[in-house]
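Work through the two exercises below with the structure open beside you, and try each task before you read its solution.

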Amino acid sequence: MTTLAVWKFASCDGCQLSLLDCEDELLAVAGRVRIAHFLEASRAVLPGPYDVSLVEGSITTPADAERIHAIRDASRVLITLGACATAGGIQALRNSADVAEYASAVYARPDYLDTLATSTPIAAHVDVDYELHGCPIDKGQLLETITALLAGRKPNLPAHSVCFDCKRRNNVCVVVARGEPCLGPVTRAGCGAICPAFGRGCFGCFGPAETPNGPAEADLLRAAGMSEDDIRRLYRTFTVSAFAEVAGDAS
Amino acid sequence: MTSADPPRLIGTDGLGALFTVLRERGYTVVGPTARDGAVVLAELASAEQLPSGWSAGTEAGRYRLRRREDGAVFAHCAGPVSAKTFVHPPRARLWSADRAPDGTVTTTGPEAPAKRFAFVGVHPCDVAALGVLDRVLAGGEHPDPIYTARRDGTFVVVAECTEPAATCFCTSMGTGPGATSGFDLALTELLDGEHRFLARSGSPAGAEVLAALPSRQAGEGDLAAASAAVRDAAAAITRHMPDEPLPALMAATRESPHWADVASRCLTCGNCTMVCPTCFCVTTEDVTDLTGGHAEHLRRWDSCFGLDFSYVHGGAVRTSTASRYRQWISHKLGTWQDQFGMSGCVGCGRCIAWCPAGIDITREAAALAASRGEPSGGAEP
Ligand code: SF4
Ligand code: SF4
Ligand code: SF4
Ligand code: SF4
């Protein structure tokens, strides 16, 4: 039976929770794979190697930078989950700031911390087989990927814009019909255009689409009334480092 | 009554009766309705859901619903949903396969649609678009069974256009604002004096439905008012395609420097192809379930603006935005003609209004025409 391990790095646990959230399918998953390591679900831990490792979170400490190599070595297929693991997450905001200054502002004893100056995606450290984007990931994409691996086929993980799915779903475009800002045209699909389906613009939590046109998107955002600061903040919400180039952000 | 029969006049109560008559005949009525800030096409339960008193103000990259005092029902144009959504759905299952415990596999073809659609209040450009889809999806050697199962036996009530939007250019493409063919029933909304509709049948089925509606004879004045409304609509259309053979224009401008200009504005977001009532491209994917005993082969709308669209082993052929925009406009206005003997564009203006970047197929075509003779853009886009 396929063994599955779930690993956590710097993250909020929300993506792992998506697996537990697959209530209807969870028993079927449990029936097809042996869960060898999933601390959020069970204290029982089996030794590696593992057929599939799901990795949540970004690399922010020297110890984690070591640990991810051990996990890679013990895993046949390694899949990263979510904005933290695929793009460094919200905590990658530190990459353009002074971490020592942050630490002294937040912690009474910053000297207890052993942290890196950056938050980096897993793929910056080891080879990654598949990346599931989003904050949090889409549970449909997670199940698609697990079922694909079980069947020995390639998962369907398109990299085109959110707009494709927005139109396939018959949403009314918030940019065109309401003049609101939306990152859908430059953001990778996978969420099923859930934000526009609820009448609000996409915030780009899946990170950039395959060929984003940053300057053209900036024109749209300005036309929706956003200032340069607003635009910078919008791109910095979930996947600051992944969007840096699209945002024309040098840092 | 046949299509040669004289037109009739129906009142606003006639629309409610039309819904009843169509439903009695087993149709699922699809028509315009105001939802989330736009007039969309949707399955409607009654005539009350029609967008009475709404019209749309459109511009490149912009669409706003506008309230109107006259209670006009069919004054909408260029909404984001076209009849394509119903006859060529965004997602469809081509087949599924199940493996029994003993290893035998059974396959099932596409699900037969449970519904027969009556499209009520679609405009002439949309009827023309259905004609294009008929040619593309059903007119070749291998008719698409998903399309034909949904399209065969549809009933079409066209609403002649009396309120074109600023993005419309059906007059350039010869598809409107009047309705000439492809419908079972044609309505012309008249707002001078009493709110009423001139109704004429275009098929025996249409004549039969019209005979079942409360109607009265149309007078000379009604006929004149209907012609004037359509003539005024034609005169109100301000957007035009260059007045020259478009396939030749597309062929002559393959190396135009203008492709780089449009590429700087285009987001490759795919909205234009998705809203286009004739763009038919799909991709397929296989899904399996967790038991491993069930597989499905699905298809979804695709767009030539995606990178995977031109993927052949080793990589995508159209990597630049310029090459993707060129593929789209060249197919719509040029190569469609070679492929299907007709234009791929009916002039509905949806791609203009629903392009978030406001890229306008008529302006791009004009800019391409103007760029002829300029030095080429250099590298092949
Ligand atoms: S609402 Fe956003 S995601 Fe949807 S089509 Fe418009 S720009 Fe694209
Ligand atoms: S190309 Fe544009 S104007 Fe022409 S039919 Fe398609 S959406 Fe309508
Ligand atoms: S323009 Fe593009 S999406 Fe539309 S039919 Fe042609 S190739 Fe397909
Ligand atoms: S032309 Fe407009 S709608 Fe079409 S892909 Fe480009 S930006 Fe998107």
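**Exercise 1. Describe the interface between domain 1 and domain 2 of chain B: how much area is buried there, and which elements of domain 1 supply its residues?**

Step 1. In this predicted model, domain 1 of chain B and domain 2 of chain B bury about 3,500 Å² between them, and carbon and sulfur atoms give 60% of that area.

Step 2. Turning to residues, 44 of domain 1 of chain B are in contact with 40 of domain 2 of chain B.

Step 3. Next come the polar and charged links: between the two domains of chain B there are 27 residue pairs in polar contact, both residues being at pLDDT 80 or more, and the rule finds 2 salt bridges across this interface. In chain B, the side chains of R350(B) and D126(B) meet in a salt bridge, at 2.8 Å from N to O; the pair qualifies because the cut-off is 4 Å.

Step 4. On the side of domain 1 of chain B that touches domain 2 of chain B, at least two residues each come from β4 (54-59), β5, α2 (84-87), β6 (91-99), α3 (124-138) and α5 (170-173) of chain B. The largest share, 10 residues, comes from α3(B).

Step 5. Sorted by class, this side of domain 1 of chain B has 24 nonpolar, 10 polar and 10 charged residues.

**Exercise 2. Describe the interface between chain B and chain A: how many residues are in contact, and which three residues of chain B supply 24% of the area that chain B buries?**

Step 1. Chain B and chain A bury about 3,000 Å² between them, with 58% given by carbon and sulfur atoms. The three residues asked for are L267(B), T288(B) and L290(B), which supply more of the area that chain B buries against chain A than any other three residues.

Step 2. Across this interface of chain B and chain A the rule finds 0 salt bridges, whereas 18 residue pairs are in polar contact, both at pLDDT 80 or more.

Step 3. Several elements of chain B each supply at least two residues of the side that touches chain A, among them α9 (258-265) and β14 (294-301), while β13(B) gives the most, with 4 residues.

Step 4. By class, the side of chain B that touches chain A divides into 22 nonpolar, 13 polar and 13 charged residues.

Terms used
Residues numbered from 1 in each chain as written. Chains lettered and ligands numbered in written order. Predicted model: local features only at pLDDT ≥ 70, side-chain atom pairs only at ≥ 80, totals over all residues. Heavy atoms only, no water. Buried area = accessible area lost by both parts, 1.4 Å probe. Polar contact = N/O pair within 3.5 Å; in protein donor to acceptor, adjacent residues only side chain to side chain. Nonpolar A, V, L, I, M, F, W, Y, C, P; charged D, E, K, R; others polar. Contact = heavy atoms within 4.5 Å.
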